[in-house]
Amino acid sequence: MTIVVVRPEPDCSQLVDQLAQHKLAALPCPLVSFTPGRDLPSLPALLSSLPAGSVLVAVSPRAVAFTHQALQQQGLAWPRHCHYVAVGQRTANEWQQVANQPVQYPAREDSEGMLSLAPFNVIKGKQVVILRGESGRDMMGQTLQSQGGQVHYCEAYLRQWAIEPLVSQVVSWPQDTITTVVVTSGQQLAHFDQLITLSGQHWLRQCRILVPSKRIQDQATALGFDTITTVDSVANDALVNTLLRLRKTGLSDD
């Protein structure tokens with residue numbers, strides 16, 4: 001049993017190392033790297049103009065890290081009069097550390113889960129700032145706008161894909177032992193599928209795939225995967241625990 005880990009660094013290598021500690025062989029496949037987003041220079045002015053009771057949303061630890069770096073470079077602090085909402089526990093923990101503000105997060109780590117939290121119970125007339133990568137999902141913003149919220153998107157980081165350089169590496173993988181693929185976003189799933197196609201291989205559809213949400217599960221199904229496990233988290237610990245459970249039960253969800 002060999003696991004392919006498709007997620008950005010440093011989480012990719014950290015997960016590979018965690019799996020090795022449990023004697024699970026894993027191959028790193030970091031398809032994407034990140035640079036600061038185009039909206040960061042204008043973000044301080046937006047944050048300073050927000051009225052009390054506004055909501056800040058972070059869709060990933062990366063969005064928090066790049067935004068915090070931009071604020072520090074300008075000698076600014078996170079606003080104290082806003083509600084803070086994170087996509088999941090890890091993002092919330094990291095945000096609380098740098099912002100020194102309480103951060104709410106849902107049990108279900110996606111837009112739908114965040115929308116169930118108290119700051120969004122009555123959103124009409126409220127200002128909402130969503131910190132995300134470029135071309136992020138619009139579902140949350142569209143829902144809030146339909147309810148009367150005033151939504152501002154902040155592109156906190158840009159993605160840079162590295163598909164072609166990985167083709168030769170993928171060709172050398174031991175295809176006959178790869179049984180499982182971990183993918184932590186829909187975009188990574190689409191690009192990984194492209195990578196395997198470019199490398200002229202056909203083993204991918206035979207693998208179990210671990211994904212963090214129902215939305216990405218549906219995407220995997222549409223791509224032709226039959227064996228899908230939804231973890232409801234992108235945290236490495238949750239992924240490791242799921243893989244250990246699958247190993248114990250013979251890679252069966254039953």
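Buried means under 20% relative accessible area, exposed means over 50%, and partly exposed lies in between, with a 1.4 Å probe and protein chains only. Keep that in mind for what follows.

This is a predicted model: local features need pLDDT of at least 70, side-chain atom pairs count only at pLDDT 80 or more, and totals for chains, interfaces and linings use all residues. Residues are numbered from 1 along each chain as its sequence is written, and side-chain values use heavy atoms, with hydrogens and water left out.

Let's start with the sheet. Helices (H or I, at least four residues) and strands (E, at least two) are DSSP runs, numbered from the N terminus. Two strands count as paired if DSSP finds at least two bridges between them. Five strands form an open sheet here, in the order S3-S7-S6-S4-S5, and the pairing is mixed. Which strands sit at the edges? Strand S3 (32–36) and strand S5 (83–86), and each pairs on one side only. On average, neighbouring strands of this sheet are turned by 25° against each other, direction ignored. Axes are lines fitted to C-alpha atoms, for helices over the stretch in contact, and angles run from 0 to 180 degrees between N-to-C directions.

Now the pairings. In general, strands of a sheet pair through backbone hydrogen bonds, either parallel or antiparallel. S3 and S7 run antiparallel, joined by five bridges. Phenylalanine 34 has its bridge partner in S7, arginine 159.

Two helices come next. Contact means heavy atoms within 4.5 Å. Helix H4 (residues 89–99) packs on the sheet and touches S4, S5 and S6. The direction of H4 makes about 145° with that of S5. Helix H6 (residues 139–146) also packs on the sheet, touching S4, S6 and S7. The direction of H6 makes about 175° with that of S7.

Let's move to strand S6. Is S6, residues 127–133, buried or exposed? Seven of its seven residues are buried, so S6 is largely enclosed by the rest of the structure. Strand S4 (residues 55–58) runs parallel to S6, with four bridges between them. Leucine 56 stands opposite valine 129 of S6. Strand S7 (residues 150–161) also runs parallel to S6, and seven bridges join the two. There, arginine 132 has glutamate 155 of S7 as its bridge partner.

A salt bridge is a side-chain nitrogen of Lys or Arg within 4 Å of a carboxyl oxygen of Asp or Glu. How many salt bridges does this rule give? The count comes to nine.

Take arginine 132 again. Its side chain meets that of aspartate 138 in a salt bridge, 3.0 Å from N to O. Arginine 132 is buried, at 12% relative accessibility. Aspartate 138, at 33%, is partly exposed.

Next, arginine 108 and aspartate 110. Their side chains form a salt bridge at 2.7 Å, N to O. Arginine 108 is partly exposed, with a relative accessible area of 43%. Aspartate 110 is buried, at 9%.

Lysine 214 and aspartate 218 form a salt bridge of 2.7 Å, N to O. They are four residues apart in H9, so about one helical turn separates them. Lysine 214 is partly exposed at 43%, and aspartate 218 is partly exposed at 39%.

One last item, a network. Salt bridges link Asp11, Arg62, Arg90 and Glu94.
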